[in-house]
Amino acid sequence: AVGGGCATTAMYGFIASAPFVFVQRLHREAHEVGFYLAALVLGVTLGSFIATRLIPRVEMRKLLVRANAFSILGAAIFLALALGDWLSVPLVVLTMCMFTVGVGIASPAALTQAISVNPQVTGSASGLYGSMQMVVGGLCTALVGLGDNPAVSAGIVLVGAGVVGQLAFHVAQTRQRRLLAN
């Protein structure tokens with residue numbers, strides 16, 4: 001649940017900071033922000049489409065870890081660009097689309113993994129997973145407000161959440177292997 005929340009809802013941190021990134025840092029008009037964010041929705045949609053093609057062919061855990069790694073790559077490039085003060089609208093949209101494509105691929109895999117731990121409590125697992133997504137999304141949204149550069153803050157939050165997600169996936173896999181071995 002923690003890994004899935006980090007992999008799928010950390011993007012709300014960027015969404016919260018987007019007006020500041022585009023308007024204050026990149027000097028774009030406020031009404032343009034919605035169009036740039038729409039590109040991110042298309043990224044999630046594309047990722048979901050890709051997931052439907054990959055799920056039958058790739059082991060779910062591997063798909064989840066690789067999709068989250070792709071998101072981390074997009075976030076890390078965004079962070080590097082922000083730290084170097086090299087951001088532009090196309091680069092922000094491109095790197096955040098990379099991030100959201102990974103989110104779109106990871107989302108169904110994360111939910112499937114979360115609810116399949118114990119089939120007898122699927123409803124509770126689903127509720128817990130959804131609650132964790134809300135917590136992670138809220139936390140990431142709050143954290144991007146720290147610091148004086150919203151792009152750097154968003155980049156740190158996205159990379160940080162992605163890394164926490166990867167660690168959570170690793171812990172879950174290790175624990176599951178131990179349970180199966182016993």
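Begin with helix H7, which gives the most to the lining of the largest pocket, with 9 residues; helices here are DSSP runs (H or I) of at least four residues, numbered from the N terminus. The model is predicted, so local features need pLDDT of at least 70 and side-chain atom pairs pLDDT 80 or more, while totals for chains, interfaces and linings use all residues. Residues are numbered from 1 along each chain as its sequence is written, and side-chain values use heavy atoms, without hydrogens and water.

Next, select Ala-1, Gln-113, Ala-114, Val-117 and Ala-172, which lie nearest the centre of the largest pocket among its 26 lining residues. Helices H1 (2-9), H4, H5, H6 (122-143) and H7 (150-181) each give two or more residues to this lining.

Now select Asn-68 in helix H4 (residues 60-83). Asn-68 is buried, with a relative accessible area of 2%; buried means under 20% and exposed over 50%, with a 1.4 Å probe and protein chains only. Its side chain makes a polar contact with that of Gln-166 at 3.1 Å.

Finally, select helix H3 (residues 33-54). Its 22 residues should span 32 Å at 1.5 Å a residue, and its end C-alpha atoms are 32 Å apart, which agrees; the expected span is 1.5 Å times one less than the number of residues. Colour its buried residues, including Val-33, Tyr-36 and Leu-40. Seen down the axis, the buried residues fall within an arc of 140 degrees, so they line one face of H3; the arc is that of directions from the helix axis to the C-beta atoms. On the other side, Phe-35, Val-41 and Leu-42 are exposed.

Conventions
A polar contact is a pair of N or O atoms within 3.5 Å; within protein, one must be able to donate a hydrogen and the other to accept it, and residues adjacent in sequence count only if both atoms are side-chain atoms. On a 1 Å grid over the protein atoms alone, a cavity is a set of points where a 1.4 Å probe fits but cannot get out, and a pocket is an open set with protein on both sides within 12 Å along at least five of seven lines; lining residues have an atom within 4 Å of a point.
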